[in-house]
Amino acid sequence: MTKTLILILGDQLTPELSSLQGVTPDKTVVLMAEVVGEASYVRHHKKKIAFLFSAMRHFAEELRLAGWQVDYVQLNDAGNCGSLAGELLRAAERHGAEQIRVTEPGEWRVLQGLQALDTALDIEILPDDRFIASHAEFNSWAEGRKALRMEYFYREMRRKTGLLMDGEQPEGGQWNFDHDNRKAAARDLLMPRPLRFAPDAITREVIDLVEARFADHFGTLEPFWFATTRADAEAAFAHFLKTALPHFGDYQDAMLAGEKFLYHAVVSLYLNCGLLDPLEMCRAVEAEYREGRAPLNAAEGFIRQIIGWREYVRGIYWREGPDYVHRNALNATRPLPAFYWSADTKMACIRACVEQTRDEAYAHHIQRLMVTGNFALLAGVDPYELHEWYLAVYADAFEWVEAPNTVGMSQFADGGLLASKPYVASGAYIDRMSDYCGSCSYNVKAKAGRKACPFNYLYWDFIARHHDRLKGNPRMAQMVRNYDRFSDERKREIAADAADFLASLVGSA
Ligand code: FAD
Ligand code: DLZ
Ligand code: SF4
């Protein structure tokens with residue numbers, strides 16, 4: 001009789017996973033389940049569901065080839081009860097399993113669901129050691145600090161991993177080369193593109209399934225070109241190293257209409273579901289630098305995103321607890337505008353970002369932070385609604401990484417725990433970093449009136465609405481003083497333009 005059942009979740013597609021260690025295939029069954037509850041608790045983008053289901057099916061094959069007995073429940077299988085908990089209970093009964101092992105999930109909701117089953121099943125929850133810092137390490141770093149700034153945590157991770165270190169000192173004498181990384185990009189026919197993969201039979205079957213079962217979810221399903229196996233994800237990353245890494249740093253903050261990927265790696269979806277390993281990636285990036293194929297600002301910039309930002313937001317998510325996603329320090333209550341789903345807006349920047357999100361389940365960081373995030377913050381959109389949007393629409397979105405980026409970094413809804421200032425900007429920033437404004441119905445140079453770029457007056461209206469909180473923030477105080485110097489008439493004009501524009505927004509159903 002089989003004694004142990006190992007539950008592997010959709011973002012745990014790693015052969016070295018902790019739940020697979022220390023047990024032998026002959027005494028265990030691995031359970032993987034496609035369930036409607038996980039696909040729909042936020043209505044995930046069709047491409048994201050197809051990507052995960054296909055990657056799960058390919059991973060199950062990989063495990064079988066390695067000798068594991070895998071019980072894989074497909075979405076349409078008879079009796080599939082639609083929830084992870086339900087499928088776990090059914091499988092425990094089916095296999096007469098006395099013990100369940102699972103690596104810690106990436107979301108409080110799923111963790112609490114498993115903990116709730118503890119009365120019915122003997123469940124062992126193991127740490128997820130696919131990260132560089134354990135929860136204990138992050139918490140001991142955070143303990144007693146007044147501010148939890150990523151930069152200091154990142155330095156610890158550089159020391160711990162030895163990445164880009166020259167003895168005790170950072171390579172090149174500086175920890176961070178971000179000031180070199182703010183160039184606007186120019187259109188270039190030789191711009192790299194992410195490696196694309198033709199769907200195989202497994203992926204084709206999943207695409208048909210998703211089209212049939214999730215037709216009313218957001219997003220375009222085809223063309224579908226994501227990697228769905230470890231080998232293909234590795235090839236996609238190797239292609240990035242060769243074609244885009246050298247300029248990764250320079251153009252990290254740039255945006256161009258029609259250039260959806262620029263010099264970004266487009267690997268977060270592979271990394272977050274376990275097809276790629278963060279430390280291996282960073283070592284490969286360091287090797288590119290050491291062998292003279294990539295400059296230091298590019299290598300350092302990339303490594304910082306992975307061992308700095310990615311690890312740091314995870315630490316914050318687990319340290320802050322399940323209520324973190326509900327924080328709303330700025331009391332923002334506006335419903336999410338309908339154009340976040342439809343792209344039906346005259347604002348060219350938002351339209352471009354939402355259209356590419358719909359088509360690719362991808363937008364790069366500055367699009368997320370300084371276009372869709374910035375607009376929501378300026379307009380006072382409810383951060384929880386926005387959080388659900390980001391969680392649903394991006395193929396790389398799992399709550400541990402999405403929520404701190406949205407609630408904390410982008411919306412300042414945690415009151416400044418994560419970001420030292422709200423990431424707000426007027427149209428001038430978007431104009432400087434992109435070419436969106438040239439084709440926009442609004443005029444980015446105009447400050448007031450119906451033709452003026454909405455980001456311009458919404459920016460000052462935001463400063464006015466949060467005047468007292470922001471004047472005490474050293475990084476915002478100058479802007480508050482600038483606002484204070486406006487004439488009363490100018491202040492009334494800002495408030496009136498903002499009120500008119502905000503009143504015209506239609507919330508999503
Ligand atoms: P690159 O620009 O090529 O960067 C390389 C890698 O660094 C990424 O693959 C990613 O693993 C890591 N990285 C970069 N920035 C961050 C960051 N801020 N936090 C964590 N990791 C980072 N990232 C996610 O992986 N999942 C999310 O759900 C997610 N939601 C976000 C929501 C908002 C509002 C914002 C502002 C950012 C969000 N990010 C999220 C961070 C970032 O936008 C994406 O990691 C990045 O766009 C992924 O594309 P890429 O692989 O081309 O990244
Ligand atoms: C996001 C997602 C989706 C769409 N579907 C499944 C699924 O069918 N089965 C599964 O095990 N996981 C899925 N996931 C991921 C989960 O929602 C959740 O993010 C992870 O379990 C957290 O570790
Ligand atoms: Fe966006 Fe304003 Fe530029 Fe239009 S003018 S693209 S709304 S920043």
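I took helices (H or I, at least four residues) and strands (E, at least two) as DSSP runs, numbered from the N terminus. Residues are numbered from 1 along each chain as its sequence is written, while chains are lettered from A and ligands numbered from 1 in the order in which they are written. This is a predicted model, in which local features need pLDDT of at least 70, side-chain atom pairs count only at pLDDT 80 or more, and totals for chains, interfaces and linings use all residues; side-chain values use heavy atoms, with hydrogens and water left out.

**Entry 1**

I looked up A343, which sits in the loop between α13 (339–342) and α14. Its phi is positive, near 65°, though A343 is a residue other than glycine. A343 counts as buried because its relative accessibility is 5%.

V266 is not a glycine either, and I noted a positive phi of about 55° there. I placed V266 in the loop between α9 and α10. With a relative accessible area of 6%, V266 is buried.

Which residues does a cis peptide bond join? I found E222 and P223, with omega at about 0°. P223 belongs to the loop between α7 (201–213) and α8.

**Entry 1: helix α15**

I traced α15 over residues 365–379, 15 residues in all. From first C-alpha to last, α15 reaches 20 Å, close to the 21 Å expected at 1.5 Å a residue; the expected span is 1.5 Å times one less than the number of residues. At G373, α15 bends by about 40°, the bend being the angle between axes fitted to the seven residues ending there and the seven starting there. I recorded α15 as mostly covered, with 14 of its 15 residues buried. G380 follows α15 and has a positive phi, near 75°.

H247 is in helix α9 (residues 245–248). I class H247 as partly exposed because its relative accessibility is 34%. H247 and A298 are 51 residues apart along the chain, and their C-alpha atoms are separated by 6.4 Å.

T24 is in the loop between β1 (4–7) and β2 (28–33). At a relative accessible area of 42%, T24 is also partly exposed.

**Entry 2: cavities**

I worked on a 1 Å grid over the protein atoms alone: a cavity is a set of points where a 1.4 Å probe fits but cannot get out, a pocket is an open set with protein on both sides within 12 Å along at least five of seven lines, and lining residues have an atom within 4 Å of a point. Grid points are joined across faces, edges and corners, and a volume is the space filled by probe spheres set on the points.

How many cavities of 30 Å³ or more does a search of the whole structure find? I counted four. The largest cavity has a volume of about 400 Å³. It is lined by 25 residues, with G10, D11, E38, L52 and F398 closest to its centre. α1 (36–40), α2 (46–65) and α4 (108–116) each give two or more residues to this lining, and α2 gives the most, with five.

For residue classes, Ala, Val, Leu, Ile, Met, Phe, Trp, Tyr, Cys and Pro count as nonpolar, Asp, Glu, Lys and Arg as charged, and the others, Gly among them, as polar. The lining of the largest cavity has 15 nonpolar, three polar and seven charged residues.

**Entry 3: second largest pocket**

I noted a volume of about 430 Å³ for the second largest pocket. Of its 29 lining residues, T14, G274, L276, D277 and P278 lie nearest the centre. At least two lining residues come from each of α8 (230–243), α10 (268–272), α11 (278–290) and α12 (296–320). α11 gives the most to this lining, with four residues. I sorted the lining into 13 nonpolar, four polar and twelve charged residues.

**Entry 4: ligand 3**

A residue is near a molecule if one of its heavy atoms lies within 4 Å of it. The residues surrounding ligand 3 include C349, C437, C440 and C453. α14 (348–360) and α18 (427–433) each supply at least two residues of this shell. By class, I recorded eleven nonpolar residues, one polar and no charged.

Terms used: Buried < 20%, exposed > 50% of the residue type's maximum accessible area, 1.4 Å probe, protein only.
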